[in-house]
Amino acid sequence: MTSQPPAHGDDDEADGLRKIIHVDMDAFYASVEQRDDPALRGKPVAVGGSSGRGVVAAASYEARAFGVRSAMPSGRALRLCPDLLFRKPRFEVYRAVSQQIRAIFLDYTTLVEPLSLDEAYLDVTADLRGLGSATRIAEEIRRRIRADTGLTASAGVSYNKFLAKLASDQNKPDGLCVIRPGEGARFVAGLPVRRFHGVGPKGAEKMARLGIETGADLAAKDLAWLRTHFGSFAEYLFRAARGVDLRQVRPDRPRKSLGGERTFFENITAPEALRETLEDIIALVWDRIERADAHGRTVTLKLRYADFTTLTRARSLPHAVTDRAEFAMLGRTLLDELMPLPQPVRLMGLTLSALEQDEPVPEDERDGQLRLGL
C-alpha cells in the first residue's frame with residue numbers, strides 16, 4: 001500500500017493504463033469561511049443552520065475532532081462541541097471559488113468530470129504540459145490551488161477512478177496518495193469495506209454479520225456467493241475488492257434527477273415525526289441542489305411502508321423550482337396529501353427531477369439518491 005507520494009519519475013505509471021487524479025478540497029465550505037474571516041481560523045466551524053431544525057452542511061477539521069460531521073442535526077453538533085461557530089452557507093462564493101479551481105484543472109486536461117463544487121476526476125493520460133507523470137501534475141495542481149485560492153486540496157493518483165478516489169481520502173487534509181499499477185488489489189485488501197463508495201452503514205453491518213470486514217474478506221468471496229447475498233450490487237463489489245474499475249472520466253455525463261432518502265432504524269407512524277424527518281431531508285437535498293447548481297421542475301416524494309411496498313407522489317411546475325422555500329412547500333404538500341398513512345413508514349425520500357441545467361453526478365449518487373448517512 002502506498003500512503004505517501006513516490007519518488008518522481010516516468011515509472012510512476014505503466015504504458016497502456018489511464019492516469020487518473022481525484023482532487024477533493026479539504027472541508028471546502030468551512031475552509032472558505034475560515035479563509036474569509038481570520039477570526040474563525042483554528043476554531044471549530046460549521047456551515048449550516050444553527051436553529052433547532054438546522055443541519056450541518058460542512059464542518060471544519062477542528063469541529064470534526066469533536067465528532068461533528070456533515071448531515072448531522074445542528075443541535076447534536078452543539079452538544080458535541082459547545083464552542084462550535086455556525087456560519088450560513090454562501091453558495092455564490094463557493095461557486096465562484098469552484099470556478100477558479102475548475103479553470104486550473106482545464107489547464108492540464110479537457111477531461112474533467114466534476115462531482116460537486118469541491119471535487120472532480122481528471123484524466124491526465126495525455127499529459128498536455130509534458131510534466132512527465134500524473135503525480136507531478138497532481139502536485140502542480142495542488143500548489144496552484146493553494147496559491148490562487150488560499151485553500152488546500154487533497155489528491156489521489158491512480159490508474160482508475162475507484163482507486164483515485166480512495167487515495168484522495170488516504171492522507172487528508174492537504175495530502176497526496178499514489179496507487180501505482182499493480183498495487184490496487186493490495187491497497188484495497190487492507191481497507192475496511194465501509195471505505196468503499198456505495199457501501200453505507202447498513203451495508204457494512206450486513207457484511208460484518210457475514211464475516212466481511214475488509215477488502216481482503218470481500219475478495220475471498222466468489223461472484224455467485226456475492227450475488228446470493230447482495231443481488232445486483234455483487235458485480236460492483238467483486239470488481240471493487242480487486243481494485244478494478246473500467247469507468248472513463250466523462251466531462252458531460254447527463255443527470256436525470258437529484259435527491260435523497262432516509263431509511264429509519266424503527267418504522268415511523270406519528271405524522272409529526274414524519275414531518276420532522278422530511279425537514280431534515282429537505283435541508284440536505286437542497287444543499288446538494290445548491291452545490292450542483294441544478295434546476296428542475298418536478299418534486300417527487302417516496303415512501304416505503306413497513307410491508308416494503310413503495311408509494312411515490314410527484315408535483316410538476318411549469319417553471320424550475322426557484323428556491324428552497326418552494327422546494328420545501330412542494331415536499332410538505334405531497335406528504336400532507338397522503339396523511340393519514342395506512343401503515344408505518346420505513347423509508348422516506350425526496351427528489352428533484354426534470355433538470356434543466358445538468359452537471360455530472362458521482363456514481364454513488366446516481367438515480368437521484370443522495371444517501372443521508374443512515
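**Getting to know E119 and its surroundings**

Me: Leaving aside neighbours within four places in sequence, which residues is E119 in contact with?
Reply: E119 is in contact with H22, V23, D24, P114 and K165, where contact means heavy atoms within 4.5 Å. Residues are numbered from 1 along each chain as its sequence is written, and side-chain values use heavy atoms, with hydrogens and water left out. Please keep in mind that this is a predicted model, in which local features need pLDDT of at least 70 and side-chain atom pairs count only at pLDDT 80 or more, while totals for chains, interfaces and linings use all residues.

Me: Why is E119 called buried?
Reply: Buried means under 20% relative accessible area, exposed means over 50%, and partly exposed lies in between (1.4 Å probe, protein chains only). E119 has a relative accessible area of 15%, so it is buried.

Me: What makes the link between the side chains of E119 and H22 a polar contact?
Reply: A polar contact is a pair of N or O atoms within 3.5 Å; within protein, one must be able to donate a hydrogen and the other to accept it, and residues adjacent in sequence count only if both atoms are side-chain atoms. The side chains of E119 and H22 are joined by such a contact of 2.7 Å.

Me: Where does the "active site" label come from, and which residue does it cover?
Reply: It comes from an unreviewed UniProt entry and covers E119. Such annotations may be inferred rather than shown by experiment; UniProt positions are given in the numbering used here, with feature names shortened.

Me: Why is R144 called buried?
Reply: Its relative accessible area is 16%, so R144 is buried. The side chains of R144 and Y108 are joined by a polar contact of 3.3 Å. Not counting residues up to four places away in sequence, R144 also touches I104, D107 and R129, among others.

Me: How many disulfides does the structure hold?
Reply: The structure holds zero; to count, a pair of cysteine sulfur atoms must lie within 2.5 Å. As for cysteines, C81 is buried with a relative accessible area of 1%, and C177 is buried with 0%.

Me: What is the mean pLDDT of the protein chain?
Reply: pLDDT is the predictor's confidence in each residue, from 0 to 100. Its mean over the protein chain is 86, and 88% of the residues reach 70 or more. Over residues 1-15 the pLDDT is below 50, and it stays under 50 over residues 357-374, so please read both stretches with pLDDT, the predictor's confidence, in mind.
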